Amino acid sequence: MAIIGAKEEHVDPRLTRIAQADTIKWYQKPNLRSLYLILVPTALGVEWTSGFDSSMMNSLQAVKAWTDYFDNPTSSRLGLLNAMYSLGALMAIPFIPSLSQALGRRRTILSASVIMCIGAGLQAGSITSDMFLFSRWLLGFGIPFAIVNASSLLGELSYANERAIMTSLFNASWFVGAIIAAGTTYGTFQMSSTWAWRLPSLLQLVPSFFQLAFMPFCPESPRWLVSRDRSDEALAILQKYHSEGIDGAEFVKLEFATIQSTLAQEKELASRFIWADVFRDPPMRRRFAIAAVVGFFTQWSGNGLLSYYMKKILALVNITDNRTVQKVILSNTCWGFINALPIALIAPRFKRRTMFLTCTIGTAVVYIVWTVASARAEIDPTSAAAIPVLVFIFVYSPFYNIGWNALAYTYMVEIFPYQQRAQGIAVEQLTVRFAVFFNTYVNPIALDAIKWRYYIVYCVWIFVEIATVYLLFPETHNRTLEELSFMFEGREIQGRVEKGVEKVLDEVELADQVKGDGVKNAV
């Protein structure tokens, strides 16, 4: 339970109990298994693009053909080349909720994928620095539309028992794209032609191509269909993918009734102007404040230095050989994936607050030791002095992944009702992009100016994160999405939802009875 804000209250977890009693594994359910397989390229694959981009831009700084072609960009110019991606994303965010509600999850992801394919093509074909900047802006403009809807689609399609794990795997998928980018750039960095950087740039369209190719086989979010008065289609999807377990028919009836009742209540409370919900009432303001905090913390926990400026970090401990830099980037990215995948499978099984506190306290300890080691390396500029810095660069990854990687989107999907989920994740993306824009532009300048002393800023800041998590973050573990929808609003609204659920269940029972009588009469 959070210390600040009203105590969260939960409804009777009827759906959760049925799901927990279902001992049939997901891979033993043919339809659910096929659903999860198709969600790999269509939803998890969206994060491949994000990982590819940051890893590629990190690696290109050690590619001579790229630095020569763009006239050895200064720290401020380099910061702008990286930050332009976030600037594009910032300009897209105001339009995400409206477009997502109008087009649905699938078509919004498809539209974003087309934009990013065009951006990757322009990036690979850039003949001037300005053209490269515009391509970076276009890629950035497309990515938040895809991220918001892909993370939501994972949460809204997955069965209750695997839902938290699927949304946790979303961020872990970042490393797939990052490894491919780091490996590709390591293979091309010695090429003397511009293909040393054009080829990795072109390959950035591959994840978006996967979404374009496989999305026709992916179902739409049942919650979006209910919100568009297409309840029969929503029920058919739930019956196909969520009814294969023990008491599957009962689970689907209750899930469908809960979705209908919850969305009806959400529509009554929703503001006419879509962004007015941000300030609607104390519970909603709290949700959006948490979303803003999560977005900022995911990018301001010191990870931006490793994602974009590894070459400068290594130069501070006298590691300047380009091949060595590429090896460190590739190995650290692979290590990130190796630990992120099991963490994404394990972390959702524990309480959210516990995991976030473990993450923030762990990263604080790592950064303090890393800062001390960097100071020692300046005093004693030997290869031996660089080893502790390298060690703690690798130790940082598991602690970061426990919270900000594994649980960020899981938490966003959980704390927001359906009607505000796109706005909530959009706000999270807003602060992500603000933080990244600041980091990518300021970090290289600060590292050049004050060197390792810049790490002290992050040491202090992470203690702010620890306090914020402890005081503000509510617990959402072990509940379905609809059971969490009104956890801040109190018993009155929850009671209305419960009455609505019973009403829908009675209607479903009556419809089934009429259908059964019709079959008997026909016989």
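Which element contributes the largest share of the lining of the largest pocket? In this predicted model, local features need pLDDT of at least 70 and side-chain atom pairs count only at pLDDT 80 or more, whereas totals for chains, interfaces and linings use all residues. Residues are numbered from 1 along each chain as its sequence is written, and side-chain values use heavy atoms, with hydrogens and water left out.

The largest share of that lining, eight residues, is supplied by α8; helices here are DSSP runs (H or I, at least four residues) numbered from the N terminus. The largest pocket has a volume of about 830 Å³ and is lined by 30 residues, with Asn161, Glu162, Arg163, Ile165 and Arg349 nearest its centre. Two or more lining residues are given by each of α1 (14-21), α2 (30-44) and α8 (160-172). By class, 15 nonpolar, seven polar and eight charged residues make up the lining; Ala, Val, Leu, Ile, Met, Phe, Trp, Tyr, Cys and Pro count as nonpolar, Asp, Glu, Lys and Arg as charged, and the others, Gly among them, as polar. On a 1 Å grid over the protein atoms alone, a pocket is an open set of points with protein on both sides within 12 Å along at least five of seven lines, a cavity is a set where a 1.4 Å probe fits but cannot get out, and lining residues have an atom within 4 Å of a point. Grid points are joined across faces, edges and corners, and a volume is the space filled by probe spheres set on the points.

Four cavities of 30 Å³ or more are present. The largest cavity holds about 620 Å³ of space; 36 residues line it, and Ser54, Trp174, Asn303, Ser307 and Tyr400 are the closest to its centre. Elements giving two or more residues to this lining include α15, α16 (303-308) and α20 (383-405), and α20 gives the most, with seven residues. The lining of the largest cavity comprises 16 nonpolar, 17 polar and three charged residues.

Thr298 is placed in helix α15 (residues 282-299). At 4% relative accessibility Thr298 counts as buried, a term for values under 20% relative accessible area, with exposed over 50% and partly exposed in between (1.4 Å probe, protein chains only). Beyond its neighbours within four places in sequence, Thr298 is in contact (heavy atoms within 4.5 Å) with Asn303, Tyr400, Trp404, Ala408, Glu428 and Val432. A polar atom of the Thr298 side chain lies 2.7 Å from the backbone oxygen of Gly295.

Thr360, in helix α19 (residues 352-379), is buried at 0% relative accessibility. A polar atom of its side chain lies 3.2 Å from the backbone oxygen of Leu357. With residues up to four places away in sequence not counted, Thr360 touches Trp404, Ile462, Glu465, Ile466 and Val469.

Arg223 belongs to helix α12 (residues 222-227) and counts as buried at 4% relative accessibility. The side chains of Arg223 and Glu482 are joined by a polar contact of 2.9 Å, that is, a pair of N or O atoms within 3.5 Å; within protein, one must be able to donate a hydrogen and the other to accept it, and residues adjacent in sequence count only if both atoms are side-chain atoms. The Arg223 side chain also reaches the backbone oxygen of Glu156 at 2.8 Å.
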